[in-house]
Amino acid sequence: MVLLKQTLNVAKRIPLIKFRKGGNLTTGASSSHLTAAAGSSSGAKAVSGPAIEEWQLPQRYRRRPIDEAECEFINRGGPA
């Protein structure tokens, strides 16, 4: 019984990922920080780097071509 209680105490999980939207935040300080940050950046857009088209990708990152057998397998809905 004592071993079970120790195991349960050790097994308490604290999530390392904190999501911005949705869900419950565990600390009040972080929620007030997030609402203040959201209010100040409501008019600003998120800026990302230039987009790369599929034809601009190096060969090692491109998708491999689909052959006829794979097309038939997909069209038939998987294994029969």
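This is a predicted model: local features need pLDDT of at least 70, side-chain atom pairs count only at pLDDT 80 or more; totals for chains, interfaces and linings use all residues.
Buried means under 20% relative accessible area, exposed over 50%, and partly exposed in between, using a 1.4 Å probe and protein chains only.

Residues are numbered from 1 along each chain as its sequence is written, and side-chain values use heavy atoms, with hydrogens and water left out.

First, the overall layout. The protein has three helices and zero strands, in the order α-α-α from the N terminus; these are DSSP runs numbered from the N terminus, H or I of at least four residues for helices, E of at least two for strands. Of the 80 residues, 1% are buried. The accessible surface is about 8300 Å², with 59% of that on carbon and sulfur atoms; areas are Shrake-Rupley, 1.4 Å probe, and for residues only the protein chains shown count as cover.

Next, charges. How many salt bridges does a search of the whole structure find? One, taking a side-chain nitrogen of Lys or Arg within 4 Å of a carboxyl oxygen of Asp or Glu. Glu70 pairs with Arg64, with 3.4 Å between the closest N and O atoms. Arg64 is exposed because its relative accessibility is 59%, and Glu70, at 25%, is partly exposed.

Last, the nonpolar surface. Leu16, Ile17 and Phe19 make a patch of about 420 Å²; patch residues have over 30% relative accessible area and no salt bridge, with nonpolar side chains (Val, Leu, Ile, Met, Phe, Trp, Tyr) joined within 5 Å and like charges within 9 Å. Phe19 lies in the loop between α1 (2-10) and α2 (28-40), and is exposed at 57% relative accessible area.
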